[in-house]
Amino acid sequence: MKGWWARQREAQERRQLARLDDPRTLRWRDTRAKRQRLVVAGAGALALLWAGLVVIWFLAPSDTARNVYISMLFVAFAIGVFVVGVLQQATGGITTLSPGRLDERQLDERNRAYTTAHLATTAGLVVLVALSLQAGRTSGGLTITIPLALIYPGAFTLAVTHLFLPLLIVGWRLPDPPPDDEDD
Amino acid sequence: MSAEDVYNRITVLRAERGISRRDLASALGVHYQTIGYLERGEYSPSLFLALRIAAYFEVPVEVVFSLKPFPRLGSEGGAR
């Protein structure tokens, strides 16, 4: 017998599958060029979140830092929700559905996206370590001051990047789907 | 074309038997776009899927898949 969590997950996936064929968003995602534009917009939203951390680093604590960061967060959220929603439909839920609901081609695509995203986040972490070492070296001591306001937005930005990078990669790579039989 | 290309006759077999992509996909338990990507040569199937496709059409696997391009219809035995 399935547990509560498995039943919830199944119901959630059924709802997601029902939403995947929404024709209202088709004009935003029906060609590769359009999907790649969406990916660029999504990457821009992610970049905005990271830029917000730079604002916090240099200006926090201050009202300016708070106001600028919240504005950037709002814009990134508005773009991100749209891009993620449409890309989920364009990619057929490849990055979110459980493996049992995907065929071997979709699983291949998903693995390729995860591998590429892993490489990208590894490179990002290496840069972060290098920046930390540099900050430690230039501070002249064993202690550096990190604004507390950076902790939650930093964790949030890392989580969002980790979650949505594979979707952006799949969205970028996905070729145009073959025409339906009726269109052949 | 890369050295790893696998050619197939799925489109011909499907047309010959009047089977739609969605019907074939449903019978094989794959996404219908996967059939389209296979037909366009943009995806090479696993051995398991290749054997299942051949079994579906009730032909040996080498009738459906080949490492060399299939000859065009009418070009075989044209010298006779």
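Biologist: How many residues of chain B are in contact with chain A?
Modeller: This is a predicted model, and totals for interfaces use all residues. On the side of chain A, 9 residues take part in the contact. The number of residues on the side of chain B is 14.

Biologist: Which helix of chain B gives the most to the side that touches chain A?
Modeller: By class, that side of chain B has 4 nonpolar, 6 polar and 4 charged residues. One helix, spanning residues 32–39, gives 5 residues to it. The helix that gives the most is α3(B).

Biologist: How is α2(B) oriented to α3(B)?
Modeller: Helix α2(B) covers residues 21–28, and its axis lies 8 Å from that of α3(B). The angle between the two is about 110°. Angles of 65 to 115 degrees count as roughly perpendicular. The pair is therefore roughly perpendicular.

Biologist: Which residues of α3(B) meet α2(B)?
Modeller: From α2(B) come Arg21(B), Arg22(B), Leu24(B) and Ala25(B). The residues of this contact divide into 4 nonpolar, 2 polar and 2 charged. On the side of α3(B) they are Tyr32(B), Thr34(B), Ile35(B) and Gly36(B).

Biologist: What pattern does chain A follow along the sequence?
Modeller: Chain A has 0 strands. Its secondary structure comes to 6 helices. Read along the sequence, the pattern is α-α-α-α-α-α.

Biologist: Which residues of α6(A) make the contact with α5(A)?
Modeller: Helix α5(A) contributes Glu109(A), Ala113(A), Tyr114(A), Thr116(A), Ala117(A), Ala120(A) and Thr121(A). By class, the contact has 8 nonpolar, 4 polar and 1 charged residues. From α6(A) come Thr161(A), His162(A), Leu165(A), Pro166(A), Ile169(A) and Val170(A).

Biologist: What percentage of contacts in chain A join residues at least 24 apart?
Modeller: The C-alpha atoms of chain A fill a box of roughly 70 × 40 × 30 Å, and 24% of its 184 residues count as buried. The contacts considered are those between residues at least 6 apart in sequence. Among these, the share is 79%.

Definitions and conventions:
Residues numbered from 1 in each chain as written. Chains lettered and ligands numbered in written order. Predicted model: local features only at pLDDT ≥ 70, side-chain atom pairs only at ≥ 80, totals over all residues. Contact = placed C-beta atoms within 7 Å. Helix = DSSP H or I, 4+ residues; strand = E, 2+ residues; numbered from the N terminus. Nonpolar A, V, L, I, M, F, W, Y, C, P; charged D, E, K, R; others polar. Buried ≥ 20, exposed ≤ 12 C-beta atoms within 10 Å, placed from the backbone. Axes fitted to C-alpha atoms, helices over the stretch in contact; angles between N-to-C directions. Parallel < 35°, antiparallel > 145°, perpendicular 65-115°, else oblique.
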